[in-house]
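Trainee: I would like to learn how to read a new model. Where should we begin?

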Amino acid sequence: MSTSSAPGDLDAWRGLPALQQPEWDDPDELRAVAAELAGQPPLVFAGECDQLRDRLADVARGEAFVLQGGDCAETFSGSNADAVKNKLQTLLQMAVVLTYAASVPVVKIGRMAGQFAKPRSKPTEVRGDVELPAYRGDAVNGFDFDADSRRNDPSRLLKAYHCSAGTLNLCRAFTKGGYADLRQVHAWNQDFVAQSPAGRRYERLAGEIDRAMTFMKACGVNPDAFHEVEFYSSHEALLLEYERALTRIDSLSGLPYDVSAHFLWIGERTRQLDGAHVEFLRHIRNPIGVKLGPTTSADDALALIDRLNPHHEPGRLTFITRMGAGRIRDALPPLIDKVHRSGAPVAWICDPMHGNTFEAAGGYKTRRLDDVLDEVAGFFEVHRALGTHPGGIHIEFTGDDVTECVGGGHGLVEDDLHQRYETACDPRLNRGQSLDLAFMVAELYRK
Ligand code: PEP
Ligand code: MN
């Protein structure tokens, strides 16, 4: 089934209200940057996006599970080999835990190689008696709190493109070039095992996988899937000029694909039915997602389906719910129930991060791992009660040993947050906390 788009459709969003767009200093420079982006090579290919859509159709049918994660906000300085490798390694470790312990195929999607723009609740930030424009992600302005850094600079869009290209290139090399080979399950854990309860738990599981692999090899079974990994990129499609400039007509099918990432999602703040974001994403052929917060009504969800997946194409549309641990058990059932009864195929993913943020004493924005776990548990309970499929998790994490969320094997408490609080936006799970979460999700899945 295909969606036919008229040539003008890709620009119809320009006539609609577009929330969360930066006011660029120099519109001429923005036009020049968009033209330059439009001439750059694609970061992803249409065929890869189609393949991910097939994988997400498996998820919607209940036959696979999505693991989507990465930084809240990627940064240019964080787009280096070590940081990218640590993130990817943690994602692979989580995926191995889920695949092995829950016996389910895991669709691996990085919140990586493009997550450089952030929606903000306030347009400015005040410190003492200084008020400056809010930080909107490295694609727009700088994190440092001074007037020059906070200037909305269109040339940053080009840098975001190049950092995305570098990051994706590394991810492709790691996942296809032998590093993600299942015989490396121990190696991914080497610098981690002794220091952490999650690392030790992982090591035991890696040992079991090793034995299973040796057994299969002895039996003559050695499929390609053991030696490389399918990895997909994703980010919030927030800056419409950027996404539009990177949208191309696929030469084989004649259909438009946003080649900035395999999977794009619309955030909770920009999912208005008559808004520019929904209008733009309606016309691209990539698999897409929409974040749904606790105020979403079942009719809102149906209307979004009507707009974004009118032909009920499996794998096309994923709902990423972010209700909060205290609300998920009440807010989610009516949505799932009505959508399910409509017959629309939807992959349901749980983002247990964004509904559980609070400010700790000392002013740090944080999350409790217990709340994150509780929201995931609620997500499973609701789906199990309704007979639908809990299709995956969407998390903010890093492979580094940061202290941004509280709880987990090391028992991080609020007083520890100052030690390595490094995020440019929301607090991320560190590597141990991410593995703790993966083990728990695998247990929930098996039940
Ligand atoms: C995010 O994913 O970082 C984000 C801003 O989420 P949401 O749109 O769900 O608030
Ligand atoms: Mn976030």
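Mentor: A residue is buried if 20 or more other C-beta atoms lie within 10 Å of its own, and exposed if 12 or fewer do. Keep in mind that this is a predicted model.

Trainee: Which residues of α4 are buried?

Mentor: The buried residues of α4 are Arg156, Leu157, Ala160, Tyr161, Cys163, Ser164, Thr167, Leu168, Cys171, Phe174 and Thr175. In an α-helix there are 3.6 residues a turn, so residues three or four places apart point the same way.

Trainee: What do the buried residues of α4 pack against?

Mentor: They pack against α1, α3, β2, β5 and α6 (240–245).

Trainee: How does the span of α4 compare with what its 22 residues should give?

Mentor: The expected span is 1.5 Å times one less than the number of residues. For α4 (residues 155–176) that should be 32 Å, and the end C-alpha atoms are 32 Å apart, which agrees. Just after α4 comes Gly178, with a positive phi of about 105°.

Trainee: Is strand β2 largely enclosed or open to the outside?

Mentor: Five of the five residues of β2 (residues 106–110) are buried, so the strand is largely enclosed by the rest of the structure. Val106, Lys108 and Gly110 point one way from β2, while Val107 and Ile109 point the other way.

Trainee: Which strands pair with β2?

Mentor: Strand β1 (residues 65–70) pairs with β2 in the parallel sense over five bridges, and Phe65 has Val106 as its bridge partner in β2. Strand β5 (residues 231–236) and β2 are also parallel, with three bridges; there the bridge partner of Lys108 is Phe231.

Trainee: What should I look for in the phi angles?

Mentor: Most residues other than glycine have a negative phi. Gln20 has a positive one, near 65°, and lies in the segment before α1 (27–38). His312 also has a positive phi, of about 55°, and sits in the loop between α8 (298–308) and β10 (317–321).

Trainee: Are Gln20 and His312 buried or partly exposed?

Mentor: Gln20 counts as buried because it has 20 C-beta neighbours inside 10 Å. His312 has 15 such neighbours, so it counts as partly exposed.

Trainee: Which residues surround ligand 1?

Mentor: Ligand 1 is surrounded by Cys72, Pro119, Glu236, Gly267, Glu268, Arg269, Lys291, Arg322, His354 and Asp426. This shell divides into two nonpolar, two polar and six charged residues.

Terms used
Residues numbered from 1 in each chain as written. Chains lettered and ligands numbered in written order. Predicted model: local features only at pLDDT ≥ 70, side-chain atom pairs only at ≥ 80, totals over all residues. Helix = DSSP H or I, 4+ residues; strand = E, 2+ residues; numbered from the N terminus. Near = placed C-beta within 6 Å. Nonpolar A, V, L, I, M, F, W, Y, C, P; charged D, E, K, R; others polar. Pairing = 2+ DSSP bridges. Contact = placed C-beta atoms within 7 Å.
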